[in-house]
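Okay, thanks for coming, everyone. Let me put the model up and then walk you through it.

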Amino acid sequence: MTSTELTGAESPLDALPGRWRSLRDAGPVAYDEERQQWHVVDHQGVAAVLSDPATYSSDMTPIAPTQEDFETFTRGNFVGMDPPEHRKLRTLVSQAFTPRVVHGLAPRVEAVCARLFDGVADRDRFDLVDTLAYPLPIIVIAELLGVPAEDHRLFQEWAATLFGGDQLGDSLDMADLERALEAIAPTVREMNGYVLDHIRRRRADPGDDLTTRLLAAEVDGTRLEDQEIVGFVALLLVAGHITTTALLGNAVVTFDRHPGTFDALRKDPDRVPAAVEEVLRWLPPFPELGRRTTRTVELGGHEIPADALLMVHLGAANRDPSRFTSPDVFDPARDPNPHLTFGHGIHFCFGAPLARLEARIALRMMMDRFPAVEVPSYDDVTYQNPAVIVGVRHLPIAVTRP
């Protein structure tokens, strides 16, 4: 089933396709004089940039503003690293997120989902984000790290500050980033302290968790320093859940606004994985990524100097008509679906298998438990700043029970 018809009131998410279309209309590569940054928007160009870290670096240090507390956090944040440092940390964490390991988490994800839904068993209306979309992935990632899951509200507060984008406009520039770094510094300091205390506890009392394995791991004959592990664990704890949170909210909003989608998936649950992939294409949680040129390069017919800022737009690339048939049609059965939502190349999201698993299990259980799910009023829905993350902050839903 495909649909271009939308129901419900307009939302900030509705403006995104138009913005992505206008970016593509300016050409596959274009310079933004006001913000002094380059935009790469076509599927081929975005994939090419993301697959060439030697030319398009993830390390923004030479051109981005700095902040002392955030520098500590970034020491173990391999998302902002290039080879060979990137390989060292990526190799360690990838072992904890192999398809086999993630598949083994399915029973635990199901148990957590069931417990969270049981918590609203006496209610026909509840906030999907507070009830499920936030706590589910936080509990799972906390257990993997050996961090007390009962602290999940604290992790949620950190994520809300780091990804809320309240200090930012609708399109990022360096002035925005500088303001944001100063605003989030106290939160980053608190998070660093919490994680360092956790690492010290694990040194004294090792457990069967990823943090303990990181403390014992050796790469090229050396062990990670505590400050590297701090950034590493903090990245997993905070960024490791936010994608699933956004994906679940985006899925329910998208299914609700395209009539018949919930019913079709409920009749044929095997179609849920393909529907999840289409939601990822339709509303990528992180719609753009930054890269820095390491040398003068020609791209899309333009000569781009060294140390230039490139914004690669996943949202625009995911609706590139040269790569997708009817890109502005939501098709939950779309196949193939080569979206770039989880990135491409060496920085492909290592948590993608877990996010997909959590979303599939949660959505199928929701449809098993509730014959009908709807968003009764979009006036009550609140949204994230789409310049930072595409998703909802609160999503009140109404359900019927068998």
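**The sheet and what surrounds it**

So, let's start with β2 and β10: these two strands run parallel and are joined by 3 bridges. Helices and strands here are DSSP runs numbered from the N terminus, with at least four residues (H or I) for a helix and at least two (E) for a strand. Quick housekeeping: this is a predicted model, so local features need pLDDT of at least 70 and side-chain atom pairs count only at pLDDT 80 or more, while totals for chains, interfaces and linings use all residues. Residues are numbered from 1 along each chain as its sequence is written, and side-chain values use heavy atoms, with hydrogens and water left out.

Back to that pair. Tryptophan 38 has leucine 310 in β10 as its bridge partner. On β7, arginine 291 is also bridged to leucine 310 of β10, and β7 and β10 run antiparallel, with 5 bridges between them. Strands count as paired if DSSP finds at least two bridges between them.

Zooming out, there are 5 strands in an open, mixed sheet, and the order is β1-β2-β10-β7-β3. At the edges you have β1 (29-32) and β3 (56-57), each pairing on one side only.

How many residues of β10 are buried? It's 5 of 5, where buried means under 20% relative accessible area, exposed means over 50%, and partly exposed is in between (1.4 Å probe, protein chains only). In a regular strand, side chains alternate between the two faces of the sheet. For β10, Leu309, Met311 and His313 are buried on one side, and Leu310 and Val312 on the other.

Helix α2 (residues 43-50) lies across β2, β3, β7 (288-293) and β10 (309-313), at about 125° to β10. Contact means heavy atoms within 4.5 Å. The axes are lines fitted to C-alpha atoms, for helices over the stretch in contact, with angles from 0 to 180 degrees between N-to-C directions.

Now α9. Its buried residues are His152, Phe155, Gln156, Trp158, Ala159, Leu162 and Phe163.

Last topic, salt bridges: a side-chain nitrogen of Lys or Arg within 4 Å of a carboxyl oxygen of Asp or Glu. The count is 16. Take aspartate 14 and arginine 257, whose closest N and O atoms are 2.6 Å apart. They sit 243 residues apart, aspartate 14 in the segment before α1 (16-25) and arginine 257 in helix α12 (residues 226-257). Aspartate 14 is partly exposed at 27%, whereas arginine 257 is buried at 5%.

Aspartate 226 and arginine 203 come to 2.5 Å. Aspartate 226 is in α12 and arginine 203 in α10 (residues 174-204), so this pair ties together parts 23 residues apart in sequence.

Then there's aspartate 270 with arginine 364, at 3.9 Å, N to O. That one ties the loop between α13 (261-267) and α14 (272-282) to helix α16 (residues 352-369), parts 94 residues apart in sequence. Aspartate 270 is exposed at 60%, and arginine 364 is partly exposed at 33%. Finally, salt bridges with shared partners join Arg21, Arg319 and Asp328 into one network.
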